[in-house]
Amino acid sequence: TTNINADITTSDDNVSFNEAVVLLSDVLIDTATGIGNITFNADIYGDYKLTLAAGTGNIDFNSTVGAGAALSGLVITSAANLDFEDAVNVDDQGIDITANTIDLRGEITTSNSGAVTIDNRDLLAIYAKLNLDGSFTQDSSAGTGTTDIKADITTTNDNVFFDDAVMLKSDVSIDTDTGIGNITFDSNVYG
């Protein structure tokens, strides 16, 4: 395993981890504004916030996130393509993502009111269940994002909001529980 207790920066160069990563503090991994990719090929875990900035590079989680212990928060400030291939577990600081294309293929779980906010310039693909103990917000600041949904979304009385067009790729349930969670689509829903 690799223990990380400090930030990592490169000048448009790749950062790759082939073994499990344990966060020992809040960590920033920043490959600057160019094409440096960030890749995790094994679980990354620890009760701290992970912030990633890949510029025009890609970010790939090829294994689980937070399987050993949920991250306290996950923030992604830039990426061309962002892929989650396995389950993601994040605690109270939630998930905040800004990227061009986002592919969610592992179940996303948040706890302790952890919210999920996604700003996608292009396609957001939700292909695995979102099981959230906080709100979900999709809001493309560029006004060009779209969303494909192929899996259910649940919250614990928290709002679900889609700012841009949504295409259903299968039968989908969006359930905000028995309380006051609102479900809002600000654009077309079709499929």
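Reader: Does Gln-138 count as buried or exposed?

Author: In this predicted model, Gln-138 counts as buried, because its relative accessibility is 0% and the cut-off for buried is under 20%.

Reader: Where in the chain is Gln-138 placed?

Author: Gln-138 belongs to strand β19, which covers residues 136–138.

Reader: Which side chains make polar contacts with the side chain of Gln-138?

Author: Asn-120 is one of them, with a polar contact of 2.9 Å between the two side chains. The side chain of Asp-164 also makes a polar contact with that of Gln-138, at 2.9 Å.

Reader: Let me move to Ala-99. Which strand is Ala-99 in?

Author: Ala-99 lies in strand β13, made up of residues 95–99.

Reader: Why does Ala-99 count as buried?

Author: Its relative accessibility is 5%, and buried means under 20%, so Ala-99 falls within that class.

Reader: What does Ala-99 touch, not counting residues up to four places away in sequence?

Author: Ala-99 touches Ala-79, Leu-82, Asp-119, Asn-120 and Arg-121.

Reader: How far apart are Ala-99 and Ser-113 in space?

Author: From C-alpha to C-alpha they are 23 Å apart, with a separation of 14 residues in sequence.

Reader: Turning to the whole chain, how many helices and strands are there?

Author: The chain has 26 strands and zero helices.

Reader: What does the radius of gyration say about the chain?

Author: The value is 16 Å, and a compact globule of 191 residues would have one near 16 Å, so the two agree. Along the principal axes, the C-alpha atoms fill a box of roughly 40 × 30 × 25 Å.

Reader: What share of the residues is buried?

Author: Buried residues account for 46% of the 191 in the chain. The accessible surface comes to about 8,100 Å², and carbon and sulfur atoms hold 42% of that surface.

Reader: How many contacts join residues at least 24 apart?

Author: Among contacts between residues at least 6 apart in sequence, the share is 20%.

Reader: Last topic: how many positive and negative side chains does the chain have?

Author: There are 6 positive and 30 negative side chains, and the centres of the two sets are 8 Å apart.

Notes: Residues numbered from 1 in each chain as written. Predicted model: local features only at pLDDT ≥ 70, side-chain atom pairs only at ≥ 80, totals over all residues. Heavy atoms only, no water. Helix = DSSP H or I, 4+ residues; strand = E, 2+ residues; numbered from the N terminus. Rg over C-alpha atoms; globule rule 2.2 N^0.38 Å. Buried < 20%, exposed > 50% of the residue type's maximum accessible area, 1.4 Å probe, protein only. Contact = heavy atoms within 4.5 Å. Areas by Shrake-Rupley, 256 points an atom, 1.4 Å probe, with all protein chains shown as cover. Lys, Arg positive; Asp, Glu negative; His and termini not counted. Charge placed at Lys NZ, Arg CZ, Asp CG, Glu CD. Polar contact = N/O pair within 3.5 Å; in protein donor to acceptor, adjacent residues only side chain to side chain.
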